Amino acid sequence: MKRGELAKRTGCNIETVRFYEKIGLLPNPPRAANGHRVYDDQLERRLIFIMRGRGLGFSVEEVRGLLNLV
């Protein structure tokens with residue numbers, strides 16, 4: 001799926017998805033032959049985890065720490 005679809009499916013703002021990629025919470029997804037980023041179910045679950053953590057009041061660095069534990 002493309003970034004816009006990922007954002008829509010998770011309820012996350014597309015700019016937030018870009019921000020999480022920029023700071024390394026979401027790894028850079030592979031690109032299709034046409035150059036578009038391709039997000040899979042694993043990245044979708046990771047984004048949902050990040051959003052839940054942030055929604056519970058965890059800081060970005062605390063969420064990063066939790067992701068490193070997994």
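1. Glutamate 61 is exposed, with a relative accessible area of 52% (exposed means over 50%, buried under 20% and partly exposed in between, using a 1.4 Å probe and protein chains only). Its partner in a salt bridge is arginine 64, with the closest N and O atoms 3.2 Å apart; the term needs a side-chain nitrogen of Lys or Arg within 4 Å of a carboxyl oxygen of Asp or Glu. Arginine 64 is partly exposed at 22%.

2. A word on the basis: this is a predicted model, where local features need pLDDT of at least 70, side-chain atom pairs count only at pLDDT 80 or more, and totals for chains, interfaces and linings use all residues. Residues are numbered from 1 along each chain as its sequence is written, and side-chain values use heavy atoms, leaving out hydrogens and water.

3. The structure holds five salt bridges. One of them pairs arginine 9 with glutamate 44 at 3.0 Å, N to O. This pair links distant parts of the chain, 35 residues apart, with arginine 9 in helix α1 and glutamate 44 in helix α3 (helices are DSSP runs of H or I, at least four residues, numbered from the N terminus). Glutamate 44 is buried, at 11% relative accessible area.

4. Arginine 9 also meets glutamate 5 in a salt bridge (3.7 Å, N to O). These two are four residues apart in α1, so about one helical turn separates them. Arginine 9 is partly exposed at 46%, as is glutamate 5 at 40%.
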